[in-house]
Amino acid sequence: MKKISLVIILLAIVASVVIYKMYNKPHRDPKKEESIPVSAIHLFRSFEEDEPTANTIYLDKVLEITGNVSEITANQNLTPIIVLETENMVFGIRCTMDNAEPNVVVGETVTIKGICTGYLSDVIITNATLVKNN
Amino acid sequence: MKQVILIILLCVSTLTANSQTVYMTRSGQVSFFSKTPMENIDGTNNEVTSLIDASKGEIVFAILVKSFRFEKALMEEHFNENYLESTKFPKATFQGKITNSSSINFTKDGSYPATVEGDLTMHGVKQKQTATGTITVTNGKVSAVSTFTIKLADYKIEIPSLVADKISETIEIRVNCKYEPRS
């Protein structure tokens, strides 16, 4: 009898730990995930030409994008945004950065890793980090 | 979806003609709140594209559902996979008119009450939606704030009975966008 209640208590403890861990599971960390390497120009062209197909390849995936910085700006929360140049005159790859002020200048070639959330005239990348300045 | 992009492109291409009447942001903020006694859930999207064409009184929003960020990763996962099905429906859009745009002077600093009517599309469902808010003009820049509620059932979003006490049937949407004039 005692053994059974001990087992039940143990199971209950294990179950609550598992549920607690699931409830508090950590956010995705793009730095630790495997990524798809792609150039800014190719990425933009894929979405411009065929958005549904591009979504099946890139949506929600971690991408490692290489391109030229065309603009450094910030969103309304003052989180830095790096825009990578494409063949389009107006729209580009907009990367919302995870870290503080990135150490890059306009015109520089950089590689940025982040999650692709889709195409809104710009291709949007979130949780982005600078992998390297070339 | 294609329409919205077309509208955005059209507006951008006609900018040279009437440069001061179009206001745009590509990093607007839209959040949503679900409040129940059991749990409060809120998610924020900081990558909202929106345009106001002041001369026509038109306002457009385009949102990527996967750009919403939540306090808890599990909430984000459920939001995307179970409720909004963001892989199948990656975008939410709003296309509408400012019904009282004649009483808003975009060239004069001030705070103007605004009513917006239009079509809100999310989860693949298009619904008529009305919202009230405030448009503020400061030094040629325009900001828009609004809070309104939507019913999940109207957008065919079903909440399993198991978690029904944790997720509200009506969701509060908050819009906070700071626009720049296109020149």
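Asn176(B) is partly exposed, with a relative accessible area of 25%, where buried means under 20% relative accessible area, exposed over 50% and partly exposed in between, computed with a 1.4 Å probe on the protein chains only. This is a predicted model, in which local features need pLDDT of at least 70 and side-chain atom pairs count only at pLDDT 80 or more, while totals for chains, interfaces and linings use all residues. Residues are numbered from 1 along each chain as its sequence is written, chains are lettered from A and ligands numbered from 1 in the order in which they are written, and side-chain values use heavy atoms, with hydrogens and water left out.

Asn176(B) sits in strand β9 of chain B; helices (H or I, at least four residues) and strands (E, at least two) are DSSP runs, numbered from the N terminus. Leaving aside residues up to four places away in sequence, Asn176(B) touches Gln76(A) from the other chain as well as Gly28(B), Gln29(B), Ala144(B) and Val145(B), a contact being heavy atoms within 4.5 Å.

Chain B itself has 2 helices and 9 strands, and from the N terminus on its elements run α-β-β-β-β-α-β-β-β-β-β. Of its 183 residues, 51% are buried. Among contacts in chain B between residues at least 6 apart in sequence, 61% join residues at least 24 apart.

Helix α2 of chain B, residues 73–83, has as its buried residues Ala73(B), Leu74(B), Met75(B), Glu76(B), Phe79(B), Asn80(B) and Tyr83(B). An α-helix has 3.6 residues a turn, so residues three or four places apart point the same way. The cover over the buried residues of α2(B) includes α1 (2–23) of chain A, together with β1, β2 (40–53) and β4 (69–70) of chain B. Just after this helix, Glu85(B) takes a positive phi of about 45°.

Positive phi values also occur in two loops. Most residues other than glycine have a negative phi. Leu78(A), however, has a positive phi near 65°; this residue lies in the loop between β2 and β3 of chain A and is exposed at 69% relative accessibility. In chain B, Asn139(B) has a positive phi of about 50° although it is not a glycine; its place is in the loop between β7 and β8, and with a relative accessible area of 68% it is exposed.

The largest pocket has a volume of about 990 Å³. A pocket is found on a 1 Å grid over the protein atoms alone, as an open set of points where a 1.4 Å probe fits, with protein on both sides within 12 Å along at least five of seven lines, and its lining residues have an atom within 4 Å of a point. Grid points are joined across faces, edges and corners, and a volume is the space filled by probe spheres set on the points. Of the 50 residues that line the largest pocket, Phe32(B), Phe70(B), Phe79(B), Leu84(B) and Ile171(B) are the closest to its centre, and Phe79(B) is also one of the buried residues of α2(B). This lining has 38 nonpolar, 10 polar and 2 charged residues, with Ala, Val, Leu, Ile, Met, Phe, Trp, Tyr, Cys and Pro counted as nonpolar, Asp, Glu, Lys and Arg as charged, and the others, Gly among them, as polar.

The second largest pocket holds about 600 Å³ of space. Among its 31 lining residues, the closest to its centre are Glu71(A), Arg94(A), Met24(B), Arg26(B) and Glu180(B), and the lining has 10 nonpolar, 13 polar and 8 charged residues.
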